[in-house]
Amino acid sequence: MGPMEVQASLLRIVLTRPINVLTLLLLDALIWLQRSDIVDFHNRIQDIPPQFIYDVYDFVVVGGGSSGAVMAARLSEVCDWNVLLLEAGPDESYLSDIPYLFPALQRSRMDWKYRTVPNSHYCQGMENHQCAWPRGKVIGGSSTLNAMMYIRGNPEDYDEWERLGNTGWSWQDVLPYFVKMENTRDPKIADQPWHGKNGPMTIDLFKNRSKLTPFFYEAAKQLGHEIADEMNGPSQKVFGPLHGTIRNGLRCSTAKAYLRPIANRKNLHISLNTLVEKILIDPEDKRAYGVKFSKDNRQHYVMAMKEVILSAGAINSPHLLMLSGIGAKEELEAVGIDVIQDLPGVGKNLQDHVASGGVTYLINKSKNTSYLSAKMTDAMSTTELKNFIFNNSGILLQMPFCEVMGFINTKYQPQDSNRPDVQLFMASQSEVSDGGVFGAYGSAISHKYYAQNYERWIYHDSFFFLPLLMRPQSRGYLSLSSKNPYDKIKIHPKYFSVRRDMDILIEGLKYCLKLAQTPALQQLNITFIYDAIPEATCAQEKGDSFYECLIRHFSQTIYHPVGTTAMGPKTDPMAVVDARLRVHGIEGLRVVDAGIMPTIVTGNTNGPSIMIAEKTADMVKAEFLPILLERTITKECNTYNYLYN
């Protein structure tokens, strides 16, 4: 065994134990004893036992994630409607409330643990050449394990949706629903007319920041960028602080925002740890009339009088459609599924914000030897545990993955365009400073790749920049493994199948290096890690070949898959749902999640997914209530405690 293999073996223990398990158990116990706001005993989701599930509901919502939780909450505002929400995962854990620990939630029991198919064009530094694609298998879905970043996208994104034939989805149409969902608590932006203050979803700044933040801001200024109060204001081409779905410094998932305040609503039943296996569809009438699901190792059936709402996400929603006989005819027949509706667009049009890791810099400041980046070892110290448990303060409330965010135009985007093509994260913690605990584990970096490129610098003061490709032209797809609902669907992202996507991301990488050359950061005596390790994977490559090598090895999803059940008119042969999100050719069935986006938005997708559900809930009410009067929604059925702490 060579020295590289020995290093990889030694690292295996570190990389397969993301954080000391005993420390997490201790933290969990301390939260139970001291943090009643996190425990939230009286408002936690109550799982309905299978014997108490009705045979028939007005609406059955499949998936309790970023969109599904919203749909269930809003539809159950109508007291005469009974609503059943089926979620495959468990309730939120106490640790999921802690912003700093979000990477530890990935590849846990709250994650579907998806991997892309092995390939030779991207994710070459990952285990078995497969990208890890975390998706939330928990109430609140991916809003319970994501990085909590709140970006609404660019107005032009939604105007583009309308131009594609989706009437009612322009920026002017969707903005009121962003306002409706928001409970904005940052005083600098709360009073702006484009924000809301009375919605269920709390939007705020993260509570704690590292000493690197002012250096990041100064670097952006020195390259001529405007520093704004937010990324969701009049201009997106700015740098600024990160707003998140944060309440009192803690995560605010859609479960916490929408479901806990109505925990006692009698016409809403929530079933956890419940896997939906199939949507029941009458093949003659082509109408969805219920679902088949498994709970406690037994199969159950439930009927929907009005509609089945499919909100299982951009991976699971198309999977369920295919299993139920809706999809490309030849693909369904190939695995023995009877075809009910030939819709070739199901599972196609897959888009994601691919990013490039590896833009890591070592800090070697001589005049001031204090640690500037977020220190992993400090986060789990007794001092920081006390700060969090007793004062709700400290590193555990930090989001080092992105302390400053910016949007830029590369040379491939007109410089006067208001819709940037690259998003930048400026992070105060790197794959080095976290000791391989977060970055390597969450991204499924192989032990060999980490040992070769990062191992010798573990816990060194450092930071990294992360460029994200905003609107890829490449399109991936999903394919069935079999007709067994327990066999995971195959994910083919097809990153960089259009060369332009690679060229734009290369320009994003170059811009990161340009930021690092500013006087603001050069005063820290920084070293690009690939200059510090001559034998690093891509160190021998030059020019654009170096950047491409880096991207193909350290390709990274930012957890934004969309487009697999795309919205569009019937004239579009690849459209799956219409502008009211009804599945083409099938009555009583809608898809309401990020999969309906015909094109990906310019920014993080969690906020838009919530907006989609808010807007669709109003559509459903308008269709099933001939006249939506105040008296149809009683005070008892429509109470939200927005001041919940």
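**Entry 1: the annotated domain.** How far apart do the end C-alpha atoms of residues 136-159 lie, and how much of the span is helix and how much strand? I found the ends 29 Å apart, with 21% of the span in helix and 0% in strand. I picked this stretch because UniProt, in an unreviewed entry, places "domain: Glucose-methanol-choline oxidoreductase N-terminal" at residues 136-159 and 313-327. For residues 313-327 I got 16 Å between the end C-alpha atoms, with 73% helix and 13% strand.

**Entry 2: confidence.** I am working with a predicted model, and I checked its scores before going on. The protein chain has an average pLDDT of 92, and 93% of the residues reach at least 70. I marked residues 630-635, where pLDDT stays under 50 and the model has 10 contacts beyond four places in sequence. Residues 639-645 are also below 50, and I noted 28 contacts there beyond near neighbours in sequence. A reminder to myself: where pLDDT is low, the predicted coordinates should not be read in detail.

**Entry 3: the binding-site annotation.** The UniProt record (unreviewed entry) gives "binding site" for V138 and V276. They span 139 residues in sequence, yet no two of their C-alpha atoms are more than 13.9 Å apart, so I read them as gathering at one spot.

I took V138 to begin with and found it in the loop between β4 (132-133) and α6 (155-163). V138 is buried, with a relative accessible area of 0%. Setting aside residues up to four places away in sequence, V138 touches a set of residues including G64, E87, M110 and T144.

V276 sits in strand β12, residues 275-282. V276 is buried too, at a relative accessible area of 9%. Beyond four places in sequence, its contacts include V62, L86, F293 and L320.

**Entry 4: the strands around β14.** Which strand pairs with β14 in the antiparallel sense? I found β13 (residues 287-295), over 6 bridges.

With β26 (residues 589-591), β14 has a parallel pairing over 3 bridges, and L310 has V591 as its bridge partner.

**Entry 5: an open sheet.** I next looked at 3 strands in the order β5-β6-β8, which form an open sheet with mixed pairing. β5 (182-184) and β8 (243-244) stand at the edges with a single partner strand each, so one side of each is left without a neighbour in the sheet. Helix α7 (residues 171-181) packs on this sheet and touches β5 and β6; its direction makes about 60° with that of β5. β6 (residues 201-205) and β8 pair in the antiparallel sense over 2 bridges, and D204 stands opposite G244.

**Entry 6: aromatic rings.** How many aromatic pairs are there? The count comes to 30. I opened F528 and Y530, a tilted pair with 5.8 Å centre to centre and 40° between the planes. Both are buried. They belong to one aromatic cluster, along with F216, Y361, F463, F465, F546 and Y547.

Terms used. Residues numbered from 1 in each chain as written. Predicted model: local features only at pLDDT ≥ 70, side-chain atom pairs only at ≥ 80, totals over all residues. Heavy atoms only, no water. pLDDT = per-residue confidence, 0-100. Contact = heavy atoms within 4.5 Å. Pairing = 2+ DSSP bridges. Helix = DSSP H or I, 4+ residues; strand = E, 2+ residues; numbered from the N terminus. Axes fitted to C-alpha atoms, helices over the stretch in contact; angles between N-to-C directions. Phe/Tyr/Trp six-rings, centres within 6.5 Å; stacked < 30°, edge-to-face > 60°. Buried < 20%, exposed > 50% of the residue type's maximum accessible area, 1.4 Å probe, protein only.
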